[in-house]
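I opened this structure to see how the chain is laid out.

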Amino acid sequence: MNIFVAGSLWVAGAACVGGLIAYLVRRVGREDEGRPGNNDAAGQVFTIVGGLHAVLVAFVLISLYDEVSTVSQTAQTEADSLVAASWAADALPESTSDRVHRLAAAYARTVEEQEWPRLADGGEIPATGATQLDQMRRAVAEAPADGDWQLDRKTEASNQLWSVYQARQQRLSHSGAGGVGAVVWFALILGSLITALLLPNLFGGTRPAAHVIIVSTLAGTITLLLFAIHQLQNPFSGGVSVPPEAFTSALARLA
């Protein structure tokens, strides 16, 4: 299902539920419940609880968005360093440069075709990529260097492969990280119910129709934020998933 359709259905469903509850509270509740005299006390509680909930939601959203941006930058760094290592190895003996070039292209294909789907579904990452990276490292380390230029290129290739390794470890650390933990989800959901349904129905003074609109709008808005958090949990899947475009571009440059 399209992410925008799914989000709209969640928001519409929450708004309908919130509006129905608000209608039943005014319809079934006693006449003296929700009277304007409650507004001062309920308003103070709503300000505190709503403020705390807003801070929690904002913190989680910003953290997840930053994680998606970090994963995208890390993948680009890994792919760029892979290409740079292959280019640096071109100055080494032909047997070494050909081997490094083949392994670099194979590594990029492995990340794109084998590792990325596992990152998206949280499956086990195959050891193929790590093996290919280690083979490149050993090929560069064992290559003879004749003169300062080749020695400099050999050092550069080794440094770039180290950058690939570091970026790879950072990328894999985000695989199956769990996104938002169970305790945080409990706080988000319970806080949303209190903020969107419980406290607003303690207010009085508005007409029933206006009250229903206010509660349903608040419920829909909070559900929209929760839906965004759910989509941002895994940077390799969901509505804002990071594609393996960096390694597709790397393959084109290594071709």
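The entries below go from the overall fold to single side chains.

**Entry 1: the model**

I note at the start that this is a predicted model. I looked up the secondary structure and found eight helices and zero strands. Read from the N terminus, the order is α-α-α-α-α-α-α-α.

**Entry 2: overall dimensions**

I looked up the extent of the C-alpha trace. Along the principal axes it spans about 95 × 35 × 25 Å. Then I checked the radius of gyration, which is 27 Å for the protein. For a compact globule of 255 residues the value would be near 18 Å.

**Entry 3: surface and contacts**

I looked up how much is buried. Of the 255 residues, 38% count as buried. The accessible surface is about 13900 Å². Carbon and sulfur atoms account for 62% of that surface. I also looked at contacts between residues at least 6 apart in sequence. Of these, 81% join residues at least 24 apart.

**Entry 4: the UniProt record**

Which residues does UniProt list for "transmembrane region"? The unreviewed entry gives 7-25, 45-65, 177-203 and 209-229. I checked two of these spans in the model. Residues 7-25 are 100% helix and 0% strand, and the end C-alpha atoms lie 27 Å apart. Residues 45-65 are also 100% helix and 0% strand. Their end C-alpha atoms lie 30 Å apart.

**Entry 5: a nonpolar patch**

Leu20, Tyr23, Leu24 and Val28 make a nonpolar patch of about 400 Å². I followed up one of them, Leu24, and found it in helix 1 (residues 3-28). Is Leu24 buried, partly exposed or exposed? Leu24 has a relative accessible area of 41%, so it counts as partly exposed.

**Entry 6: salt bridges**

How many salt bridges are there? The count comes to eight. I looked up several of them.

Arg253 and Asp80 meet through their side chains, with 3.1 Å from N to O. This pair links distant parts of the chain, 173 residues apart. Arg253 is in helix 8 (residues 245-254), and Asp80 is in helix 2 (residues 39-89). Next I checked how open the two partners are. Arg253 has 37% relative accessibility, so it counts as partly exposed. Asp80 has 31%, so it is partly exposed too.

Asp134 pairs with Arg137, and the closest N and O atoms are 2.9 Å apart. Where do Asp134 and Arg137 lie? Both are in helix 4 (residues 128-142), three residues apart, which is about one turn of the helix. Asp134 is partly exposed at 31% relative accessible area. Arg137 is partly exposed at 46%.

Asp152 forms a salt bridge with Arg153, the closest N and O atoms being 3.1 Å apart. Asp152 has 39% relative accessibility and counts as partly exposed. Arg153 comes out at 21%. The buried class needs a value under 20%, so Arg153 counts as partly exposed.

**Entry 7: recap**

The fold has eight helices and zero strands. A salt bridge between Arg253 and Asp80 connects helix 8 with helix 2.

Notes: Residues numbered from 1 in each chain as written. Predicted model: local features only at pLDDT ≥ 70, side-chain atom pairs only at ≥ 80, totals over all residues. Heavy atoms only, no water. Salt bridge = Lys/Arg side-chain N within 4 Å of Asp/Glu carboxyl O. Helix = DSSP H or I, 4+ residues; strand = E, 2+ residues; numbered from the N terminus. Buried < 20%, exposed > 50% of the residue type's maximum accessible area, 1.4 Å probe, protein only. Patch = residues over 30% accessible without salt bridge, like charges linked within 9 Å, V, L, I, M, F, W, Y side chains within 5 Å. Areas by Shrake-Rupley, 256 points an atom, 1.4 Å probe, with all protein chains shown as cover. UniProt positions renumbered as here; feature names shortened; annotations may be inferred. Rg over C-alpha atoms; globule rule 2.2 N^0.38 Å. Contact = heavy atoms within 4.5 Å.
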